[in-house]
Structures are given as C-alpha cells and as structure tokens.
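Biologist: Can you take me through some side-chain contacts in this one? I'll jump between topics.

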Amino acid sequence: MGELYEKLKSYAESDYYPYHMPGHKRRLGGEVLSSISKLDITEIDGFDNLHEPNGIIKRIQQKAAHIYGAEESFYLVNGSTAGILSAISAAVPEGGKILMARGCHRAAYHGAYLRGLDIRYLVAETEPDFGCNLEITPTQVKQALMEDLDIRAVFLVSPTYEGIVSDVEQIARIAHKRGIPLIVDEAHGAHLGFHPAWPKSSCKCGADIVIQSLHKTLPSFTQTAILHVNGKLVDRQLLKRFLSIYQSSSPSYLFMAAMEEALDLTASGADRLFGDFLQNWKRMLERLNECRCLRVLQMEGMDIGKLVIADKSGYMTGRQLYESLLHTYHLQPEMAAGNYVLAMFTVGDAQEGYDRMTEALLAIDEEICMQSGARADKMAYKGSKGCKSPKFLKLPKLPIGELSLKEAWESEGEEISLADAKGRLSAEFINLYPPGIPILVPGERFTEELCSYIQDCLEEGLQVQGVGKEKTVKVLT
C-alpha cells in the first residue's frame, strides 16, 4: 500500500477526533463514500459531461439550484477556488476595478491578478477581544461605491472563517442600485438555508454569484464545491467559458456523485440533522459558560458551528490552546490563530465530539485558572494586559499599496531579512495559513508594525506563508 494511504488508515483508526473539514467527519456518508473504487470513471457514454451538460449532470445541477433557491448552479470539482476565479473573471472586464473585502481568501486576489484588476478594499473592523475580522457593513459598501464610480463588482466573504455574517441582503440592494453584481464567497456556508436557526444563504439574499465549498460543512469529499447564479448582471455564457478554463477537463465523477449525495442527504434529513446539531451545540455552549478563563466568541446572527475559543486571562495563546487540545486530548482543531483556536462542528458530528470538546475545555479552563491565579468570578477580557507572556496579537493597519498587484507580482525581487524589510515593497504574498488571508499583498509596503506582527506570529508558532526558514521575505528591487 502507498505511504499516504497507510498514514490515512492509521489516522482513521486512532482516537483523534476531527474538529475540522471535511463535513462528513469520517462517519456520515452513504454508498458513494463506501464504494470509491467501483465508481471512478471518465466521460463515457451515458454519463454526460460537466463542461457541456445535457443529461444526468444537467439534471443534478438543476436539482442543486432548486435546493438552494438559485436560478442556475454549477458543480465545481476544483473547489471554491475555481468558482472564485471564474466569478471575478466573468464579472469584471480586464483592467477594471473591483471592490473587495480585504479579508478575502488568496483565490480572490489571484482572480484579480489574472484579469489585471484594480482592487479597492473594504476593511472590516476588528473584534477587540479575539482579534478577528468582523463583518463588512452596508455603510462601508455604499460609501466606497459613492467614492469610485468605476467599480464594476463587489466581492465579500460571508460567513468568515470564524462564522461572522454580513448583511448580504442590504449590500446586494446597494450594489444593484449601481447596476453592478455582488459576488459572495460563501465557502464556509454550504449548510446555510437548511434550518431557520442558521443565517439565510446568500442565494436567498440577492447575491448574483455565490460560491460554496460543500466539503467544508457538508458530508462531501474535499475539493467539492458549487457556484450559484442569479440575475442578469453577469454574462452567463462568459461565466461558463471561464468555468471551463479553470476547471479540470477530466472532472471526477466520484466528486460529482458525492456532491449529489451530500445535498440529497442534507436536504432530505435537514430537520433531524440540524435539529440534533442545534441541540448538541446549545448544550455544549451552556456547559462552557461555566468556564472562568476561557471565552467562546458569541455574536448575534453568527454562524452556528464555528467554536472560537480564547483564554481571556492571557495565560495561553491560541497556539498553546491548540497544542493542548491536540496532544493532551487528541482533539484536532481546524486552526490556531494568535489569540484563539477554531474548532468546526457540522451535521457530521456525533454527540461524542461535543462531549469530548466540552470536557477538554473545562479541564483546560480549570488548569489555566489554577496556573494563572485567576479569580473565581468571571473577569473582563483584557487580552494579555498585565501578563508578560503571551502577547495579544492585534491585526496591523492596512498596508500602503503603491503598485498594482499584477505589476508588483511580475517585477523582479530579492530575498532579504524580515528585520531589514521596513520601508520596502513586498514582491510576494505573506499570509497566515489557515485561513489564507494576506497580511501583505505584492506591491504593499512593509511597515514597522507589520514586521513586528509577522515576527510575533512566527514566535507564536503560527504558519506564515511567504516567509523563508531563515526569516527572509521577498521584496521588490
């Protein structure tokens, strides 16, 4: 057997519990997941073709559109990335302007690069206690569109990695008054719209294009996603052209079968699946309210299923909390940030998953309170104020951009020490992964605050892409 297969098999047989993607959580699935090898085919007679569907694939895409309330839906076998690239390419002409949330995934920046777009940014406020981005507001979008009449499309992320949801309905109205489309990266929201306790899907809120990763929160294979289209503000023939460019010419029938099954399973069992999900989630949060040092991010309208936890005493960083969950309790979170850890729950989770996470966090909370000398009463969150270590990582101000993304990324660069980068223009993306949101984009200038933030992230053991092993960065010559 292959090395990767053996490693996967060993992990599957261990007691590590997955609080991460994909949504089936290695336990919820039907015949597709149980019969992989027998179902792996290519474009043979009777099985239709994803790039020119007129049979079974056309029918299952129409069924997906009906489930989500979209006018038309397209299966994506190259993940949400292919959908984001296609949507941006079809919505904005080459060299045009796009209004984009700064907190977008790198794929959105890649789409802008490929079309040579001029990016105007929407910068979200920061949640002060956790340090994560909040929603993009309608007021921000309205103001930006008033200031620049050349913007051809709006692009935002909702929900965010941490589950923060924007007012897509109002933002769509604002964009449409200008006659331009709204594209929503809803990669983390494929489960929205199946139960009233969750926020509505952007498909039902007036967005023109919505991209969802089925594998993130539904029981489907990694790399499976879907793109929904509404309205006439985006040329659908042009969109189909770009989908054929960015997607594999040999799409996986396993992926497409898994997508169909995931949607059928979720839609037909929505009341039971999401009812159990909600009951387990509420029970867990109620018990976690007993914590004296750990705090769970809870906001009105927030997506259910994203457990964002921080130590309000300042004793443990997000990375340290992540390591404790992983190595002591064999619970694998989705990601660690500077100040918090993120665990994902989906319809695929068993009660065991909620119970193990609850017991682990209660035990960690008790340990923190003992070690840090925290008071028994609940404290006001002050980050690491008064603590020598760890640091509270505050997101830096938006970097100064002096060159377009395309010009900067295609210019000559050199490797220098991060310590010497202040005042230089970045020649490469620098981002934390996950979630893949850029700290610096090519053409933006390193500031003292940015250099210090990147250094702090490295010291906390976070994965910073774009920084070499010897703490070098690439700058323009």
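Biologist: What does the side chain of S158 have to do with the backbone nitrogen of S166?
Modeller: This is a predicted model. In it, a polar atom of the S158 side chain lies 3.0 Å from the backbone nitrogen of S166.

Biologist: Where is S158 placed?
Modeller: S158 is in the loop between β5 (151–157) and α7.

Biologist: Buried or exposed, S158?
Modeller: S158 counts as buried, because its relative accessibility is 2% and the cut-off for buried is under 20%.

Biologist: Which residues does S158 touch, leaving out those up to four places away in sequence?
Modeller: I164, V165, S166, V168, V184, D185, E186 and S202.

Biologist: Moving on to charges. How many salt bridges are there in the whole structure?
Modeller: A search finds 21. One of them joins D349 to K25, with the closest N and O atoms 2.8 Å apart.

Biologist: Which parts does the D349 and K25 pair tie together?
Modeller: D349 lies in the loop between β13 (341–344) and α13 (351–372), and K25 in the loop between β1 (17–18) and α2 (31–34), so the pair ties together parts that are 324 residues apart in sequence.

Biologist: And how accessible are D349 and K25?
Modeller: D349 is buried at 8% relative accessibility. K25 is buried as well, with a relative accessible area of 5%.

Biologist: What else does K25 lie over?
Modeller: The face of F345, at 5.9 Å from the ring centre. F345 belongs to a cluster in which ring pairs link Y17, Y19, W281, F345 and Y354.

Biologist: How many aromatic pairs does the structure hold?
Modeller: It holds 17. Among them, Y17 and Y19 form a tilted pair, 4.8 Å centre to centre with 50° between the planes. Both Y17 and Y19 are buried.

Biologist: What about Y113 and W409?
Modeller: Y113 and W409 form an edge-to-face pair, 4.8 Å centre to centre and with 75° between the planes. The pair links distant parts of the chain, since Y113 is in helix α5 (residues 106–114) and W409 in helix α14 (residues 405–409), 296 residues apart.

Biologist: Buried or partly exposed, those two, Y113 and W409?
Modeller: One of each. Y113 is buried, with a relative accessible area of 19%, whereas W409 counts as partly exposed at 24%. The cut-off between the classes is 20%.

Biologist: Which charged end sits over the ring of Y113?
Modeller: That of K406, 4.9 Å from the ring centre.

Biologist: Back to salt bridges. What about R173 and E169?
Modeller: Their side chains meet in a salt bridge at 3.7 Å, N to O. R173 and E169 are four residues apart in helix α7 (residues 168–177), so about one helical turn separates them. R173 is partly exposed, with a relative accessible area of 44%, and E169 is partly exposed at 30%.

Biologist: And R319 with E323?
Modeller: The side chains of R319 and E323 meet in a salt bridge at 2.9 Å, N to O. They are four residues apart in helix α12 (residues 318–328), so again about one helical turn separates them. R319 is partly exposed with a relative accessible area of 24%, and E323 is partly exposed with 26%.

Biologist: Which residues do salt bridges that share partners join into one network?
Modeller: E71, E72, R236 and K240.

Biologist: New topic, α10. How does the span of helix α10 work out?
Modeller: Helix α10 (residues 253–268) has 16 residues and, at 1.5 Å a residue, should span 22 Å; its end C-alpha atoms are 22 Å apart, which agrees.

Biologist: Which residues of α10 are buried?
Modeller: Y253, L254, F255, M256, A258, M259, A262, L263 and T266.

Biologist: What does S252 do at the start of α10?
Modeller: A side-chain oxygen of S252 reaches to within 3.2 Å of the backbone nitrogen of L254.

Biologist: Last one, H188. Where is H188 found?
Modeller: In the loop between β6 (182–185) and β7 (209–213). H188 is buried, with a relative accessible area of 7%.

Biologist: Which side chain does H188 join in a polar contact?
Modeller: That of K306, at 3.0 Å. Leaving aside neighbours within four places in sequence, H188 is in contact with M21, P159, T160, Y161, K216, T217, D303, K306 and M344.

Key: Residues numbered from 1 in each chain as written. Predicted model: local features only at pLDDT ≥ 70, side-chain atom pairs only at ≥ 80, totals over all residues. Heavy atoms only, no water. Salt bridge = Lys/Arg side-chain N within 4 Å of Asp/Glu carboxyl O. Helix = DSSP H or I, 4+ residues; strand = E, 2+ residues; numbered from the N terminus. Buried < 20%, exposed > 50% of the residue type's maximum accessible area, 1.4 Å probe, protein only. Expected span 1.5 Å × (residues − 1). Polar contact = N/O pair within 3.5 Å; in protein donor to acceptor, adjacent residues only side chain to side chain. Contact = heavy atoms within 4.5 Å. Phe/Tyr/Trp six-rings, centres within 6.5 Å; stacked < 30°, edge-to-face > 60°. Lys NZ or Arg CZ within 6 Å of the ring centre and 35° of its normal.
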